[in-house]
Amino acid sequence: MKNITIAIDGFSSTGKSTIAKELATKLKYVYVDSGAMYRAVTLYAMQQNLISEDKIFIKDLIKVLKDIKLAFKFNVILGFAEIYLNGVNVETEIRNMKVSRLVSKVAEIPEVRKKLVEQQQEMGMNKGVVMDGRDIGTVVFPDAELKIFMTASAEKRAKRRFDEFMERGEQVTFAETLKNVEYRDHIDTTRKDSPLIKAEDAIEIDNSALTRKEQFEKVYKLAIEIIESV
Ligand code: CDP
């Protein structure tokens, strides 16, 4: 069977990574979390004091982009690849609220996008990849054989993200989580470079009322139909 490229885009906390990981495992494909890359660049900017709640030193950040090396290494216990920033595993740290509050500002910078998109395209060169993000079906892999666009209500998404924060013991409120989800939706959909939009040929799935199993079955069926037809 021929390998295909699967692009999963959508708003924050729609469960894109859950479905992408499940699909990649089942199809024995590589899973790439493109959001983790934007988060890791944001973490680097924080470590270098180039970004805070009220300031971002864009020119300086662009200058040090060459010093940022991102890599994914498969963790056999977890069953997916974790992200490394200059050799350090930052998989957990990049998910915190502080990074979540700043990441969309960093993701607006065209130079950052160019660097990360190039690396993403390289990772998907041989197909057999499931990548999730905001611009995968529109910019990174416009020729992807299967494009999914995930949506769900902001409340539902914030509830899912809040539960994740609670599981990790992060001190945040539901209101703060909802605010962050809405704030990132706004920046991600209105930015100039590669805004979050549904690709014309993407299949939209609203998973507000779907269980994890139902959503997986739906997308897996679509993937198999395409794999069998190419
Ligand atoms: O997990 P969640 O969906 O909340 O976010 P994420 O996928 O980890 O992405 C974090 C942020 O990175 C998004 O809010 C976007 O600002 C940015 N991003 C992007 O611009 N393009 C992508 N392909 C992936 C993420």
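L85 stands opposite V88 in strand β5. The model is predicted, so to speak of local features a pLDDT of at least 70 is needed, and side-chain atom pairs count only at pLDDT 80 or more, while totals for chains, interfaces and linings use all residues. Residues are numbered from 1 along each chain as its sequence is written, and side-chain values use heavy atoms, without hydrogens and water.Strand here means a DSSP run of E with at least two residues, helix a run of H or I with at least four, both numbered from the N terminus. Strands pair if DSSP finds at least two bridges between them.

| Pair | Bridges, sense | Residues between | Turn residue, phi |
|---|---|---|---|
| β3 (residues 70-75) and β4 | six, antiparallel | four | G79, about 85° |
| β4 and β5 (residues 88-89) | two, antiparallel | two | N86, about 45° |

Strand β4 (residues 80-85) is largely enclosed by the rest of the structure, because six of its six residues are buried; buried means under 20% relative accessible area with a 1.4 Å probe, protein chains only, against over 50% for exposed and in between for partly exposed.

The largest pocket holds about 1100 Å³ of space. Its lining has 42 residues, and S17, T18, R95, R161 and E164 are the closest to the centre. A pocket is an open set of points on a 1 Å grid where a 1.4 Å probe fits, with protein on both sides within 12 Å along at least five of seven lines, and lining residues have an atom within 4 Å of a point. The volume is the space filled by probe spheres set on the points, which are joined across faces, edges and corners.

Helix α2 (residues 34-47) gives the largest share of this lining, five residues. By class, the lining has 19 charged, 14 polar and nine nonpolar residues.

How values were computed. Ala, Val, Leu, Ile, Met, Phe, Trp, Tyr, Cys and Pro count as nonpolar, Asp, Glu, Lys and Arg as charged, and the others, Gly among them, as polar.
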